[in-house]
Each structure stands twice: as structure tokens, then as C-alpha cells.
Amino acid sequence: MTAPQIATTGLAVPSRLVRARDVLAFEWTKLRSVRSNYVTALIAAVATIGSTAVIAHTVASTPAPPPGGTIPALTTSFLGYAEYAVIPVSVLAVLQFTSEYTTGLIRITFCAVPRRWAVLAGKAAVTGGAALLVGEVLAFICFFLTQAMLSGRHRGVSLFQPGVPGSVLAAGFVLCACALTALSLGAIIRHTPGSITASLAAIYGLAAFCLVLPSPWKEDFGRFTMPFAAYEILAAHPQPGLLPAGLSMLVLIGWPAAALLAAAFVITRRDA
Amino acid sequence: MAIAVLGAAVAFVAWCLVDLARAGQVRYLPKWAWGVVICVSVPWGGLVYLILGKARPAATAPWEAPVAEEAGLGPSGPLFGRHVPVSPAVIEVDRLTKRFGPVTAVDALSFTVRPGRVTGFLGPNGAGKTTTMRLILGLDAPTSGRALIGGRGYQEIIRPLHVVGSLLDATAVHGGRTAWFHLLSIARSNGIGRRRVVQVLEATGLAAVAGRRVREFSLGMKQRLGIAAALLADPAVLIFDEPVNGLDAAGVRWIRQLFKSMAAEGRTVLVSSHLMSEIALTADHLVIIGRGRLLADTPTGRFVSGTHRDVLVRSPRAGELAGLLTARGAVVRPEGDGGLAVTGVDAPAIGDLAAGHGIAVHELVPRHGSLEQAYLDITGDSTDYRAGTRTPEGTAAS
């Protein structure tokens with residue numbers, strides 16, 4: 001590179017790896033420098049662990065052992081997690097884009113990183129990664145907490161039983177999938193209340209609607225929603241009418257993937 | 001130790017993943033299979049660790065090292081002046097048009113902003129200044145035409161903050177973030193070091209409040225923060241939209257000096273305003289638009305002298321003098337306080353005329369139109385026109 005070229009651009013062109021790290025560092029610095037993000041994660045953790053303990057206590061103190069062997073015992077671990085972790089983390093993910101759009105900060109972001117898909121990818125990596133970490137930690141805490149309380153009644157399951165570790169790991173991923181779906185909807189809708197409503201509708205609303213459908217339709221449509229797919233995976237045992245675990249996992253991956261693609265399509269074509 | 005922990009973590013995750021793939025099956029992997037998984041995972045974990053370790057070898061992470069230094073532009077010493085513009089970073093706006101539905105915000109606008117001078121970008125409210133700046137910065141897509149910076153579209157520039165620093169809206173910040181983290185995040189996005197963040201905080205007088213959250217800032221402090229962000233990478237092109245809003249008198253003087261010194265260093269400085277009085281003392285060149293169209297693209301000095309001249313005359317026999325002047329082809333407009341505003345005849349001719357007829361003249365002042373007056377004259381039509389019908393193009397677009 002000759003001297004005039006350097007002066008024109010002002011600097012050497014960094015490699016793709018360095019640029020990717022720039023975007024990740026950008027989004028990570030933004031995520032970690034807002035206190036409400038920590039508060040949200042703390043609320044999610046406290047609410048999840050607390051509700052899990054209550055649910056486990058209730059189940060453990062029920063006199064009749066539920067039929068079905070290990071399945072209820074494992075699913076019990078995630079009843080609290082599925083709501084009290086997913087809702088706050090989804091709201092946090094929505095805010096990653098909507099807070100920038102409502103304050104106008106998004107224009108600074110797009111001026112700093114004009115390739116908008118890179119901004120989306122950076123936010124998805126950082127928020128999704130954080131959600132995955134929080135999700136895995138909470139999933140294992142919920143699992144051990146519940147099983148510790150159930151094992152006193154000899155109804156617990158061990159992490160070393162077949163199907164169990166995969167289920168617990170997948171439970172952590174559920175949080176990441178929900179967060180990425182919510183993040184994308186935030187990028188598409190831009191307004192905080194609308195995005196939160198849309199995210200909760202996508203995550204819970206559709207499944208709740210499927211639950212009230214007559215029986216063949218209930219499973220036929222319901223198995224493509226995230227809660228049904230998550231239930232199949234978390235049960236660690238094939239459920240009648242639902243997709244097998246591998247396909248259910250694809251459903252859990254497909255929702256955030258489709259939402260991210262839609263968000264990438266929209267934000268690269270729209271005026272900021 | 002770290003390798004062992006990482007390897008164990010990878011092995012555990014691999015175990016869980018294999019289990020997930022087998023979920024629902026009755027048979028279980030034999031014990032020796034786990035031995036294989038762990039034996040394979042641990043070296044891989046070590047390899048990943050080594051690669052990650054290699055990727056950031058020194059004590060300074062990549063974003064810590066200013067790239068300008070690598071490019072041989074010298075160490076980061078003084079705040080400004082590291083940039084040595086050899087090739088001019090010109091902003092070229094070429095037949096730029098932006099329509100929002102039926103409204104034409106920017107209408108076939110063409111002008112060039114050159115380095116080494118402060119260019120004032122003027123127009124009444126709603127003239128399309130902000131839209132033009134957003135088009136230059138690649139935030140909005142133009143309906144037609146293009147805007148180039150140093151021959152490139154903004155979106156083609158890699159690490160653009162090193163080339164263009166901009167401030168569009170000082171209030172567009174996340175209130176929950178401190179000034180330090182606001183600037184640090186922007187700095188990291190373009191590989192700018194922490195030292196530079198400290199420098200711009202000191203230069204803009206925000207060092208003492210760097211740890212405070214932005215929502216506690218006044219508008220003037222937010223303006224300074226926005227200017228600090230624009231200066232982060234020491235860019236050759238600076239674009240400011242209404243930067244004086246909210247600044248106190250000292251701040252206004254500071255920012256004027258800043259613009260002038262930036263231009264003197266050979267940078268391209270584009271500053272918008274809707275008030276001529278804010279710009280008149282700073283700008284060397286004026287680009288004036290109204291209703292999205294170019295009204296004037298001229299050096300500031302020529303803009304003043306080119307318009308609106310008259311001569312103020314006071315005389316005890318004003319009525320008689322007015323008659324004589326009118327007879328000579330001058331246009332005489334009586335002012336409220338008894339003076340006469342005369343156009344068409346210059347001051348010496350008026351004096352001679354009065355002397356020839358023995359009329360005493362108490363005051364004879366040639367007046368140049370003020371910048372403010374010239375600006376109001378040129379934008380008056382476009383402002384009035386706004387309330388009326390739309391342009392034919394605008395109607396066609398709907």
C-alpha cells in the first residue's frame with residue numbers, strides 16, 4: 001500500500017477477523033455497560049430458582065407418586081424455568097434493538113458499523129451467547145435443585161441417566177432460542193411494547209392457542225411451536241403426537257433462524 | 001490448568017450433545033465410548049485455547065492499539081493533527097433526491113464540500129438539511145443520485161469513523177450508560193484505543209463527568225459528548241447537524257474555535273444550522289438550501305456583498321431631496337425615523353446632488369446588507385412556498 005492511499009483511508013484495512021471482533025466488542029461493551037441488564041438477569045435467576053424450588057417442593061410433598069417414571073421428574077425441573085427465565089430474558093433481548101431505535105442511538109451504531117447485517121450478527125452473538133450462558137447455568141441449577149428435593153422421596157433422576165444431560169443442556173438452549181427470536185422481532189418492529197407483545201405471542205401465544213384446538217390439530221400445529229418442541233426435548237422421552245427430539249430441536253433452531261433472516265432482510269433495506 | 005478445564009468443559013458438552021442426539025433411545029453408549037470422547041475433546045480444547053491465545057498475543061488487545069499508528073502516521077501525541085490529509089476527503093453530493101411518499105425532502109441537490117474550510121449548511125426548518133446529512137452517512141437510501149465521501153459511498157468505508165466523524169442528534173444516547181462507556185463502545189467498534197477515549201473526554205471538558213450516566217447530562221453536555229464521539233478516531237471529515245443547540249456562550253465560542261482549527265488542519269468540516277447568526281462567524285463557505293433545493297453555494301464574503309445594498313440619508317429637507325433623487329432614477333424608501341433608504345445611486349452621487357442644490361446632509365451612510373438579511377431574502381421564498389402547493393415532482397411521486 002502506498003502512502004497516498006494510506007492517507008486517503010487514514011489507516012490500514014483490518015482483516016475480517018479483526019472487524020468481526022470490533023463488532024463483538026462494540027455490542028459486548030454496550031450490553032455490559034447498562035445496569036438494567038444485570039438487574040434483569042438477576043431477576044430472571046431469582047424468580048426461576050425460587051419458583052423451581054416451590055414447584056419441586058409441591059411435587060415432592062404430593063403423596064401419590066406420579067405415573068410415567070422419570071419423565072415427570074425431569075420435566076418438573078423446568079416448569080419454573082420455562083416462564084420465569086424466558087420472559088425477562090426475552091424482554092432484555094427485545095430491548096437490544098428497540099432501546100437503540102427509540103433513543104436514536106441506532107444511527108450512531110449504523111454510522112460506526114455501516115454493514116447492518118454485521119450489527120445484527122454482533123447483537124445476536126452477544127445477546128444469544130449471554131442468554132445461552134445464563135440459560136445453561138439456570139438449567140443445571142434448576143435440575144440439581146429439583147432432583148435434590150425429589151431424591152429424598154426416591155423419585156429423582158440422575159444426570160447420568162440416558163437422555164437426561166442432553167435435555168438439561170437443551171433447556172439452556174431454549175433460553176437462547178427465545179432471546180434470539182425476541183431480538184429479531186425487536187429489530188423488525190422497533191417499538192418496545194409492540195416487540196414485547198409480538199415476542200411473547202411468538203413464544204407462548206401460538207402454543208397457548210394450539211392448546212385449545214381439538215385434538216388432532218392440537219398436536220399437528222402445536223408441535224411446530226417452541227413450547228411444544230421444548231417439552232418434547234425436555235421430557236427426554238418421545239411424546240405422543242409431537243415431533244421426535246431431533247426435529248423438535250430443528251423447530252427450536254428454526255424459529256430464531258427465520259426471525260434473524262427476516263430481521264436481516266428488513267434492516268438492510270430500511271432507512272435507519 | 002486452563003487447558004484441562006477447557007478440555008473437560010468441551011468433553012462435558014460433547015457428552016451432553018451425544019446424549020441429546022440419542023434422546024429417547026433405550027440403549028446407552030458403552031463406557032469406553034466416553035473415554036474416546038474425552039480423549040478426542042481434550043486435545044481439541046487445547047488447540048482452541050492455543051488459537052484463541054495466539055489471536056491476542058500482546059498485553060494490548062487489537063482494539064487497544066490505534067490503527068493509525070500501525071499505518072505509520074505517527075504516535076498519538078496531541079489530540080488533533082495526527083491526520084495528514086494528502087488526498088482531499090471531499091464530500092460530493094450529486095443530484096441527490098429523497099422522497100418520503102408525496103413529500104420531496106431533498107430535490108436533485110448537488111454541491112461539493114471541500115477540505116480546509118468550514119462549510120455552513122443552511123436552510124430554514126424542514127429544508128432537508130438533516131435528511132441530506134443522513135443520506136451522506138448512508139443512514140437513508142436516496143431515491144436517486146448519490147453522495148460520496150472521498151470518492152466512496154459511506155457504506156463502502158471500512159471502519160468509517162476513521163474517515164468521517166458525525167453528530168446528528170446529541171440526544172440520541174442511551175440514558176443508562178455512562179459517558180465513558182458510551183464512548184468506549186463506539187471506540188471499540190472501530191478499533192480505537194482507550195487512551196483516545198480519555199483524550200477526547202478531556203478535550204471536550206467531560207473528563208470530570210465521564211463516570212456519570214448520560215441521562216443526568218444537560219443538552220449542552222450531550223452536545224459535547226456527541227462531539228467527543230465524532231472526534232474519537234481523528235477523522236478527516238466532520239459532519240455536524242445543529243451542534244450549537246444547547247451550548248452556553250463559552251461552549252459556542254469553544255465549538256467555533258474547534259471548527260476553525262479543524263478546517264485549518266486540512267479537514268473537511270460541514271456544519272448545519274437554521275440560523276445564519278450561528279454560522280456567520282465560523283463558516284468560510286455557505287451552502288444554502290430551501291425545500292430540498294440548492295439556493296446558494298458561495299463563499300461567505302461574496303454572499304454578503306452580493307446582495308442588498310443601500311444608502312441611508314438624513315437631511316432636514318428630506319422630502320425635497322427625495323424628489324431630486326427619484327428624478328435621477330433612484331429608488332427612495334422613507335424609513336420610520338425620518339431617514340431615507342436610497343438604492344440605485346451611490347453615496348458620493350447623493351452628496352454631490354445635495355450640495356448642488358444647497359441641501360444640508362446630516363448623515364450619509366452606505367449600508368451593506370447583513371448576512372442575516374441576505375439569508376432571509378434568499379430563503380424567504382422557499383419558506384413561504386412551503387405552506388403552499390407541492391412541487392410538480394412531489395405530486396408526481398405520490
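## Chain A, helix after helix

Reading along the sequence, chain A runs α-α-α-α-α-α-α-α-α-α-α-α-α. That makes 13 helices and zero strands (helices are DSSP runs of H or I with at least four residues, strands are E runs of at least two, and both are numbered from the N terminus).

This is a predicted model, where local features need pLDDT of at least 70 and side-chain atom pairs count only at pLDDT 80 or more, while totals for chains, interfaces and linings use all residues. Residues are numbered from 1 along each chain as its sequence is written, and chains are lettered from A and ligands numbered from 1 in the order in which they are written.

Along its principal axes, the C-alpha trace of chain A spans about 80 × 40 × 30 Å. Of the 272 residues in chain A, 51% are buried (20 or more other C-beta atoms within 10 Å of the residue's own, with C-beta atoms placed from the backbone).

Now for contacts (two residues whose C-beta atoms, placed from the backbone, lie within 7 Å). Among those in chain A with a separation of 6 or more, 76% link residues 24 or more positions apart.

## A sheet in chain B

Chain B has an open, antiparallel sheet of three strands in the order β2-β1-β4 (strands pair if DSSP finds at least two bridges between them). Its edge strands are β2 (103–113) and β4 (144–149) of chain B, each pairing on one side only.

Strand β1 (residues 91–100) of chain B pairs with β4(B) in the antiparallel sense over five bridges. Over in β4(B), Ala147(B) is the residue opposite Val93(B).

Key:
Buried ≥ 20, exposed ≤ 12 C-beta atoms within 10 Å, placed from the backbone.
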